[in-house]
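Please read them with the structure open.

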Amino acid sequence: EQSSSMPLLAIHNRQIRWTPLLLLGYLFYLLLGAMVFQLLEKQAETHFRDQFQLEKLNFLQNYTCLDRQALEKFVQVLMEAWEKGVNPEGNSTNPSNWDFSNSFFFAGTVVTTIGYGNLSPSTVAGQIFCVFYALFGVPLNLAFLNQLGKGLNAHLLTLERWVQKPGRAQVQHQFITCFHLFPPLVFSYVEGWSYGEGFYFTFITLSTIGFGDYVVGTNPNKHYIPVYRSLTAIWIVFGLAWLALVFNVGADLMEKFLQLKRRKSDLSLAEGATTKLEDEPEQPRIHIPS
């Protein structure tokens, strides 16, 4: 028994040693992506922002009497600016979408496959780098979330044993409630959303659906702290691991429920068949004389 337990212990120790290296590699990969995206996209964004401001100025000077053709042209300019990540409500003094904090946030949405759609690389170099960055980053993200999920699961088991002690029955429910209800409260306060909108954003983000209708740090009329979106990206990573555990628990409960229903159905069929055999009258035996 001792010899058989030694390989398991060695595998466990090896996993513990690999976890910090995986964490450092994951963080380094996000930092690398943020720096490259900033280098490739920020200058192009500045050019498009200045061009858009010039188009708005020309529009105000030249089109004193608005007609349909002028309106269609200006709408086209607005759409092109929006596709380049320039908010039409802002001005050239707005913070860049490709500063380090926003680039870090974008790198996180790439490797987690959230993809809000409100911002994307506009340069050919940025698009090519994004393809290869996602090619290697998505598997790295899955490996990291898998390892992080194992760690969270182990801590949850410890928490569960701790909660089962007398006088601590509601701690686990309070912990889960705070984890799910507190982040929407923060986003609602910072972004000026309702609590329902904040909760909607958190779920759409952590489920990697990422419609892009609600994205943090994009309101040009608000002043955000520089690390706001970077902290949001870190929250997303841990939230993905947590929500994956919740989804796994839900899937296990669904499987157990379906198995229970199937067993009950099979049992009822077996009881029905037995009852039918018992209710059938015994067939009369016909004696044939020899």
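1. This is a predicted model. In it, Tyr116 is a buried residue, because its relative accessibility is 6% and the cut-off for buried is under 20%. Phe201 is buried as well, with a relative accessible area of 2%.

2. On the overall fold, the protein chain contains 7 helices and 0 strands. Read from the N terminus, the order of elements is α-α-α-α-α-α-α. Of the 290 residues in the protein chain, 29% are buried.

3. The model has 17 aromatic pairs. One of them joins Phe37 and Trp98, a tilted pair with 6.1 Å from centre to centre and 35° between the planes. Phe37 sits in helix 1 (residues 2-62), while Trp98 sits in the loop between helix 2 (68-83) and helix 3 (100-111); the two are 61 residues apart, and the pair links distant parts of the chain. Both Phe37 and Trp98 are buried.

4. A second pair is made by Tyr116 and Phe201. Their ring centres are 6.3 Å apart and their planes meet at 15°, so this pair is stacked; the cut-off for stacked is under 30 degrees. Tyr116 belongs to the loop between helix 3 and helix 4 (124-163) and Phe201 to helix 6 (residues 195-206), so the pair ties together parts 85 residues apart in sequence. Tyr116 and Phe201 are also members of one aromatic cluster, together with Phe105, Phe187, Trp193, Tyr200, Tyr214 and Trp235.

5. Helix 3 is mostly covered, with 11 of its 12 residues buried. Among the buried residues are Phe104, Phe105 and Phe106, as well as Ser101, Asn102 and Ser103. From first C-alpha to last, helix 3 reaches 17 Å, close to the 16 Å expected at 1.5 Å a residue. Just after helix 3, Thr113 has a positive phi of about 60°.

6. Helix 6 has 12 residues, which at 1.5 Å a residue should span 16 Å; the end C-alpha atoms are 17 Å apart, in agreement with that. The buried residues in helix 6 are Gly198, Phe201, Thr202, Ile204, Thr205 and Leu206.

7. A last point concerns the annotation. The unreviewed UniProt entry marks residues 21-40, 124-145, 198-217 and 232-254 as "transmembrane region". In the model, residues 124-145 are 100% helix and 0% strand, with end C-alpha atoms 30 Å apart. Residues 198-217 are 45% helix and 0% strand, and there the end C-alpha atoms lie 13 Å apart. Please look at these two spans in the structure beside the record.

Technical notes:
Residues are numbered from 1 along each chain as its sequence is written. This is a predicted model: local features need pLDDT of at least 70, side-chain atom pairs count only at pLDDT 80 or more; totals for chains, interfaces and linings use all residues. Side-chain values use heavy atoms; hydrogens and water are left out. Rings of Phe, Tyr and Trp (its six-membered ring) pair if their centres lie within 6.5 Å; planes under 30 degrees apart count as stacked, over 60 as edge-to-face and the rest as tilted. Helices (H or I, at least four residues) and strands (E, at least two) are DSSP runs, numbered from the N terminus. Buried means under 20% relative accessible area, exposed over 50%, partly exposed in between (1.4 Å probe, protein chains only). The expected span of a helix is 1.5 Å times one less than its number of residues. UniProt positions are given in the numbering used here, feature names are shortened, and annotations may be inferred rather than shown by experiment.
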